[in-house]
Amino acid sequence: MTTPSAPQPARPRRTARPAAPRNDARAAVRQHPVLDQLAQLVPALFGETPKPLKRGIFQDLLDAHPGVLESEGLKAALALHTRSTRYLSVVASGQPRHDLAGQPVEALAPEHVHHALIEVFRRRQGRTPEDLRPKLRQRIVQAFKASGLGREAYATLVASRDEAANAITQEALDEAAGRAARDEALLRAFDASGKTVEAFADMYGMPAQEARRTLERARARQTTRDA
């Protein structure tokens, strides 16, 4: 008679190992060697603090460094550079475009500043649980004021296929319109009061410097509208 064999202990189930954390794509991409070259050749534009590049900078670089820079490599390096968060952050600040001498030569188009703001926001929002939309709205308000455009013209110029971005832009423009209305109401009250700026500010519980800035801003807007 065959003796039944003792039951074998159950093999422990293998648990899947968690996937190794993927490195940030930006860290995985090695810097293009031509970018290192550009940082040495034109540190005013490609150094620690980059500057917005003038239109036609590609040809300017080739002409300024014949035999040193190669067309295809330069094209690839500039594409990486202008898509980097570091560069887009500078564009979003609204600085003018610069030439090879590091001199400002032309203003950035409002839509370029705006789209850089949106892209930098999108990248940073993906890395933090903090809601960055209030900060973005504030930056859009500043960009809108700096553009010198009317509300509808600005909204039309910067509109994109990204409905979420368009919605944030509209919120920022609503905010700007509300501030403008409050400033103009304050200006009307000041003009009717016959008081000095200091006395008027004290009456409204405002620092005199803040009241002066607000009134000057409202008067400048009124002058521009009436011109």
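Let's start with the largest nonpolar core in this predicted model. It has 39 residues. Which of them touch the most other members? Leu-38, Phe-46, Leu-61, Leu-74, Leu-78 and Ile-140 do. And which helix gives the most to this core? That is helix H7, residues 110–125, with six residues.

Take Leu-38 as an example. Set aside residues up to four places away in sequence. Leu-38 then touches Pro-43, Phe-46, Leu-61, Leu-69, Leu-74 and Leu-78.

Next, Ala-143. Find helix H8, residues 133–147, and you will find Ala-143 in it. Is Ala-143 buried or exposed? The relative accessible area of Ala-143 is 13%. The cut-off for buried is under 20%, so Ala-143 counts as buried. What is Ala-143 in contact with, leaving aside neighbours within four places in sequence? The answer is Val-113, Leu-117 and Tyr-154. Now look across to Ala-92. In sequence, Ala-143 and Ala-92 are 51 residues apart. In space, their C-alpha atoms are 8.5 Å apart.

Last stop, Thr-85. Thr-85 sits in helix H6, which covers residues 85–92. Thr-85 has a relative accessible area of 13%. Apply the cut-off of under 20% again, and Thr-85 is therefore buried. Which side chain does the Thr-85 side chain join in a polar contact? It is that of Arg-123, and the contact is 2.9 Å.

Note on methods. Residues numbered from 1 in each chain as written. Predicted model: local features only at pLDDT ≥ 70, side-chain atom pairs only at ≥ 80, totals over all residues. Heavy atoms only, no water. Helix = DSSP H or I, 4+ residues; strand = E, 2+ residues; numbered from the N terminus. Buried < 20%, exposed > 50% of the residue type's maximum accessible area, 1.4 Å probe, protein only. Contact = heavy atoms within 4.5 Å. Polar contact = N/O pair within 3.5 Å; in protein donor to acceptor, adjacent residues only side chain to side chain. Core = buried A, V, L, I, M, F, W, Y, C linked by side-chain atoms within 4.5 Å.
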